[in-house]
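Here is a short report on one protein chain. Keep the sequence and the 3D view open as you read.

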Amino acid sequence: MNGKAGAWGRPRAVPWHEGTLLAEMAAAGVAAHSLTTLGTPRVYGGGETMIMAGATDTFVLLLLDGFAKVTAVDATGADVLVDIRASGDVVGELAAFDGAPRTATVTAAHQVSARRISQRDWIGWSTGAPDAQLAVRRSLAHRSRVSVFRRLELLQGPIAARLARAVLHLGAQYGERLAEGLLVRPGLTQPEWAEFIGGKERSVQKALSRFSDAGAVSRSRGRLIIRSEFALAAFAAEREGDRPGQRRAAARRGTVR
């Protein structure tokens, strides 16, 4: 399930995740098989490297099932989680367009089914029919908007607020409704959450404990489930200088602005 109202919201069922290339193709009336039959099928196991930073290969991967994590190296030499790609997305298309070395590493979050498409086939398809070109441009525009949102909302403010926004954001984009709440996908480790919001693992651990104590989330066996989007939104609204619990109390009174 996916989709969102505003920056985050309640997921809705669509064939492909919102903003992905296959979703934009469907919106433009471009037949999926025009792309999904290109290249060769590949299956990657969880943790397997799909694309390596610095490599000079130029193939494109079309994700048909599963999630991929995109990581890059920052100025200190540390790996940083910079993006999540989901079914319907493509990865590696920039190198296919310009032939430059890969700028990031792409790793399968869990098992991923994909089509490996050659540079020639990708260029031929993406620069062919006008509707295909439009779908590519719209998917890139969506990715750019999400990148701006993440920079503004996930990298500024108190760690707890950043983390709450990140959890709501991924829950809205990729969450799965369960009886006990909204399962956040893909499952990220505490170090990965820290990378995603530009914080420290210890701070993420403390924030998750606060969320659990407030009944906003539950955690078990590596899964993170949103139990109360309302309670989590109260954490997301925290600002520097707020006293602990101040926003939660305001949320209970219905006065969070």
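## Terms and overview

Helices (H or I, at least four residues) and strands (E, at least two) are DSSP runs, numbered from the N terminus. By that rule, the protein chain has ten helices and twelve strands. This is a predicted model, in which local features need pLDDT of at least 70, side-chain atom pairs count only at pLDDT 80 or more, and totals for chains, interfaces and linings use all residues. Residues are numbered from 1 along each chain as its sequence is written, and side-chain values use heavy atoms, with hydrogens and water left out.

Buried means under 20% relative accessible area, exposed over 50%, and partly exposed in between (1.4 Å probe, protein chains only). Of the 257 residues in the protein chain, 45% are buried. Contact means heavy atoms within 4.5 Å. Take the contacts in the chain with a separation of 6 or more: 67% of them join residues 24 or more positions apart.

## Two cores

A nonpolar core is a set of buried Ala, Val, Leu, Ile, Met, Phe, Trp, Tyr and Cys residues joined through side-chain atoms within 4.5 Å. In soluble globular proteins, nonpolar side chains tend to be buried together. The largest core here has 34 residues. Leu-163, Val-167, Leu-170, Trp-193, Phe-211 and Leu-232 touch the most other members. Two or more residues come from each of strand E5 (79-85), helix H6 (159-174), helix H7 (190-197), helix H8 (201-213), strand E12 (223-226) and helix H9 (229-236). H6 gives the most, with nine residues.

A second, separate core has 15 residues, including Val-30, Leu-35, Ala-135 and Val-136. Now return to Leu-170. Beyond its neighbours within four places in sequence, Leu-170 is in contact with Ile-84, Arg-150, Gly-175, Val-184, Arg-185, Leu-188, Trp-193 and Phe-196.

## Helices that cross

Two packed helices are described by the angle between their axes and the distance between the axes. Axes are lines fitted to C-alpha atoms, for helices over the stretch in contact, and angles run from 0 to 180 degrees between N-to-C directions. Angles under 35 degrees count as roughly parallel, over 145 as roughly antiparallel, 65 to 115 as roughly perpendicular and the rest as oblique.

Look at helix H4 (residues 119-126) and helix H5 (residues 130-153). Their axes come within 8 Å and cross at roughly 105°. H4 and H5 are therefore roughly perpendicular to each other. Trp-122, Trp-125 and Ser-126 in H4 meet Ala-132, Gln-133 and Val-136 in H5. By class, four of these residues are nonpolar, two are polar and none is charged. Here Ala, Val, Leu, Ile, Met, Phe, Trp, Tyr, Cys and Pro count as nonpolar, Asp, Glu, Lys and Arg as charged, and the others, Gly among them, as polar.

The axes of H7 and H8 also come within 8 Å and cross at roughly 105°. That makes H7 roughly perpendicular to H8. On the H7 side are Gln-190, Pro-191, Trp-193, Ala-194 and Ile-197, which meet Glu-201, Val-204, Gln-205 and Leu-208 in H8. This contact has six nonpolar, two polar and one charged residues.

## Strands and sheets

Two strands pair if DSSP finds at least two bridges between them. Four strands form an open, antiparallel sheet in the order E9-E10-E12-E11. The twist averages 30° from one strand to the next. E9 and strand E10 (residues 181-183) pair over three bridges.

Elsewhere, E4 and E5 run antiparallel, joined by six bridges. They form a hairpin with five residues between them. Val-70 stands opposite Asp-83 in E5. Thr-71 lies in strand E4 (residues 68-73). Is Thr-71 buried or exposed? Thr-71 is buried, with a relative accessible area of 18%.

Most residues other than glycine have a negative phi, and most peptide bonds are trans. Arg-221 is not a glycine, yet its phi is positive, about 50°. Arg-221 lies in the loop between E11 and E12. At 79% relative accessibility, Arg-221 counts as exposed.

The peptide bond from Arg-185 to Pro-186 is cis, with omega near -5°. Pro-186 lies in the loop between E10 and H7.
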